[in-house]
Amino acid sequence: MILTITLNPAIDVRYDMSQFQLNGTNRTDAPHRTAGGKGLNVTRVIAQLGEPVMATGILGGEAGGWITSTLAKDGIRQNFYRVSGNTRTCLAFLHDGKQTEVLESGPHVSTDEWEGFKQHVATLLSEVSLVVASGSLPKGVPVSAYRELIELAGQYGKKVILDTSGEALREGLSAHPLLVKPNEEELNSLDSAAPIEHTLNRIGDRSDWVIHSKGKRGADAIVHGQRYVIDVPNVAAVNAVGSGDAMIAGLAVGMVRRQSVEETLRLGSATGTLNALEEGTGSINCAHLEDMLSQIRVTRMSPISSS
């Protein structure tokens, strides 16, 4: 079973609008609410792929209750840690071919609550084969959070896929996660002066799998020092939000199913691309999976030089 960790979940509310009037009145008939946060997007796609998954993370207040009830309706196994603060709500206004977002920061997590959450995670690790930790950190949670969780999982012999950014990513890399998936912006945040390929190579010293996600241009990967290039088909995207999370889900499923590197990279790229074809965030249509897999090309390149 795969365990997903979402430290800063949210109720994601999307408004589809023909136009957006700044300093005016805007009306919409169909707000779309989702149990959101990167880790929960990953969770849904893993479940859609038919792989056992359990969601954990930090929730609080009425918003946290709404998320647990929504996941329960979807049949997703969950075991969250409750805090005194209220889980955030994030708003996205899709208009004029653009997206305007208003993001709450989330609850303030006390030191005792953070320590309690780590103890909670420890009780879950014995029954899982792989951990996926994704997303931003709520207030009060230390920037070392993912490093601490990776080290905790290591005590139980479990590997962690990490998908975050900034200092949380830098700290997490020091604990050698199994896989990271930085995009160009995240790579530049690690070292803006270095060429991207150089930064990828350095990350490859601290993570067995490094996936450089390039959106509709596919991805580059370094797996145990071996380079790969992934080409994806050109598709008419409906909603690309959450495609990176769907990619993480496919990669995780490929790993727990012990697929080859090429098969795992192909599955992750397929699920990421399929997400862009759906209106919902963190969702794929598995009826189209085999066709999408056949359209994705994974090319094995020359290995990274050890010099």
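1. Strand 2 (residues 10-16) and strand 3 run antiparallel and are joined by 5 bridges. Helices (H or I, at least four residues) and strands (E, at least two) are DSSP runs here, numbered from the N terminus, and two strands pair if DSSP finds at least two bridges between them.

2. A word on what we're looking at: this is a predicted model, in which local features need pLDDT of at least 70 and side-chain atom pairs count only at pLDDT 80 or more, while totals for chains, interfaces and linings use all residues. Residues are numbered from 1 along each chain as its sequence is written, and side-chain values use heavy atoms, with hydrogens and water left out.

3. Now the loop between strand 2 and strand 3, which is where Asn23 lies. Asn23 is not a glycine, yet its phi is positive, about 60°. Its relative accessibility is 82%, so Asn23 counts as exposed; the cut-offs are under 20% relative accessible area for buried, over 50% for exposed and partly exposed in between (1.4 Å probe, protein chains only).

4. His224 is another one to look at on screen: it has a positive phi of about 50° and is not a glycine either. His224 sits in the loop between strand 13 (219-223) and strand 14 (226-231). With a relative accessible area of 60%, His224 is exposed.

5. Helix 3 (residues 111-124) is worth a look too. Its 14 residues reach 21 Å from first C-alpha to last, close to the 20 Å expected at 1.5 Å a residue; that expected span is 1.5 Å times one less than the number of residues. The buried residues of helix 3 include Trp114, Phe117, Val121 and Leu124, and also Glu113, Lys118 and His120. The buried residues of this helix pack against strand 1 (2-6), strand 4 (53-59), strand 6 (81-82) and helix 4 (145-155).

6. Thr199, in helix 7 (residues 196-204), is buried, because its relative accessibility is 1%. Neighbours within four places in sequence aside, Thr199 is in contact (heavy atoms within 4.5 Å) with Leu187, Leu190, Asp191 and Ala194.

7. Finally, the chain overall. Its secondary structure comes to 10 helices and 15 strands. The radius of gyration is 19 Å, which agrees with the value near 19 Å for a compact globule of 307 residues; it is taken over C-alpha atoms, and the globule rule is 2.2 Å times the number of residues to the power 0.38. The C-alpha atoms fill a box of roughly 60 × 45 × 40 Å along the principal axes. Of the 307 residues, 52% count as buried. Of the contacts between residues at least 6 apart in sequence, 68% join residues at least 24 apart. The chain exposes about 13900 Å², with carbon and sulfur atoms supplying 47% of it; the areas come from the Shrake-Rupley method with a 1.4 Å probe, and for residues only the protein chains shown count as cover.
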